[in-house]
Amino acid sequence: MTNLVSKWNYPTTIRFGAGRIAELPEVLRDTGIANPLFVTDPGLAKLPVVASTLKLLADAGVAHGVFSDVKPNPVESNLYAGVEVFKAGGHDGVIAFGGGSALDLGKLIAFQAHQSRPVWDFEDIGDWWARADASRIAPIVAVPTTAGTGSEVGRAGVLTHEASHTKKVIFHPKMMPAIVIADPELTAGMPPFITAGTGMDALAHCLEAYCAPGYHPMADGIALEGVRLVFENLPKAFADGSDLTARAHMMSAAAMGATAFQKGLGAIHSLSHPIGALYDTHHGMTNAVFMPYVLAFNRSAIEPRIERLAAYCGIAGGFDGFAEAVLNLRAELGVPHTLPAFIDGFAPDQARKELIADMAIVDPTAGGNPIKLTRDGALSLLTDAIEGN
Ligand code: NAD
């Protein structure tokens with residue numbers, strides 16, 4: 001008998017539906033937060049969606065502070081600046097409001113504010129998280145405004161270590177939002193590039209989780225339906241940002257992807273992380289560039305699984321049909337086919353390529369790839385993504 005042993009986590013409460021942002025004051029009361037720090041990014045801070053949410057708080061008489069010094073691909077200095085504001089304002093919880101960058105940084109502020117060790121002591125390595133004082137993690141309400149990362153249902157935050165140009169995953173089982181408000185109306189203003197990139201991130205999460213080895217039939221089932229939702233709805237949300245039905249399904253697919261990827265991710269992410277850290281590219285769009293090359297690379301290990309996935313999604317032609325559907329979806333969304341088409345002036349020399357490959361094989365996601373990701377394998381995938389093979 002195979003080893004049917006595993007560990008499954010599905011604890012998040014999600015208030016899902018258009019207009020439910022109006023419940024934010026009630027959600028804060030339920031969570032016991034009296035003076036939240038509202039964490040968002042500078043681009044969103046200028047948009048009506050933030051003004052109207054802050055008005056909701058003001059109208060309900062909720063004292064709050066605002067912190068928006070959050071880079072896309074947030075860095076350590078963003079975190080410690082946020083921690084200072086959190087402490088100075090006497091805040092007792094965080095509203096993490098935005099895409100993955102603001103959600104991750106909001107979660108990390110709530111986690112790190114009252115820890116005595118530096119944040120890098122809590123990287124997602126073994127049980128490093130056990131060094132944290134879990135009793136001092138502030139409660140978090142998460143409000144996603146993109147539909148991709150699924151950070152709202154996750155127990156980790158991604159933070160770039162600037163000195164080494166490395167994206168690190170900071171993990172704690174209690175760095176989990178107490179409540180999520182998933183309101184698709186908040187995503188309607190996303191521009192097409194962000195709609196495409198974040199939507200492809202959700203697809204990458206579902207696809208890599210589904211293909212990762214290990215016994216996790218719940219994650220497999222969630223990922224399967226997540227992939228179907230993306231194929232059906234991402235082109236609609238991209239073509240018409242105001243299509244709230246498509247936006248709602250994409251918001252579900254994003255949360256499903258991050259729920260499923262507790263099973264594991266793979267080489268799409270292992271390569272995307274160093275590229276994102278070294279070239280500051282959008283995470284989901286970088287995943288989208290790598291997706292067809294990694295799919296082909298893993299073929300010998302995943303063909304029967306992909307055949308089942310294709311059949312479930314109503315895509316004819318088995319593995320080849322699915323690979324073609326991925327290429328067609330990318331083309332429809334304007335995803336660049338190669339890294340040089342994606343990143344201006346991208347022409348790494350051999351030493352740089354080797355650095356990227358070395359970073360990829362030690363990335364925490366590499367272990368989930370269905371075929372062991374060696375240095376040669378990572379280099380060959382990088383060459384494929386440069387040449388468009
Ligand atoms: P993002 O949060 O970086 O946002 C990208 C841009 O979109 C920003 O300029 C932002 O202002 C804008 N934006 C966001 N919502 C908008 C809206 N509704 N209308 C108009 N503009 C809007 O992008 P993202 O893809 O959501 O997040 C990427 C980050 O998430 C990366 O740092 C990545 O490493 C991280 N990530 C984390 C996890 C996790 O599990 N914690 C998973 C995947 C990715």
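A: Strand β2 (residues 36–39) runs parallel to β3, and three bridges join the two. Leu 37 has Gly 65 of β3 as its bridge partner. Strands here are DSSP runs of E, at least two residues long, and helices are runs of H or I, at least four long, numbered from the N terminus. Two strands pair if DSSP finds at least two bridges between them.

The model is predicted: local features need pLDDT of at least 70, side-chain atom pairs count only at pLDDT 80 or more, and totals for chains, interfaces and linings use all residues. Residues are numbered from 1 along each chain as its sequence is written.

β2 and β3 belong to an open sheet of six strands, ordered β1-β8-β5-β4-β2-β3, with parallel pairing. Its edge strands, β1 (13–16) and β3 (65–67), each pair on one side only. Neighbouring strands are turned by 20° on average, direction ignored. Axes are lines fitted to C-alpha atoms, for helices over the stretch in contact; angles run from 0 to 180 degrees between N-to-C directions.

Helix α5 (residues 100–112) lies across β2, β4 and β5, at about 170° to β4. Helix α1 (residues 24–31) lies across β1, β2, β4 (93–98), β5 (140–144) and β8 (179–182), at about 170° to β8. Contact means C-beta atoms, placed from the backbone, within 7 Å.

Ala 96 touches residues including Val 39, Leu 103, Ile 140 and Pro 177, not counting residues up to four places away in sequence.

Conventions. Contact = placed C-beta atoms within 7 Å.
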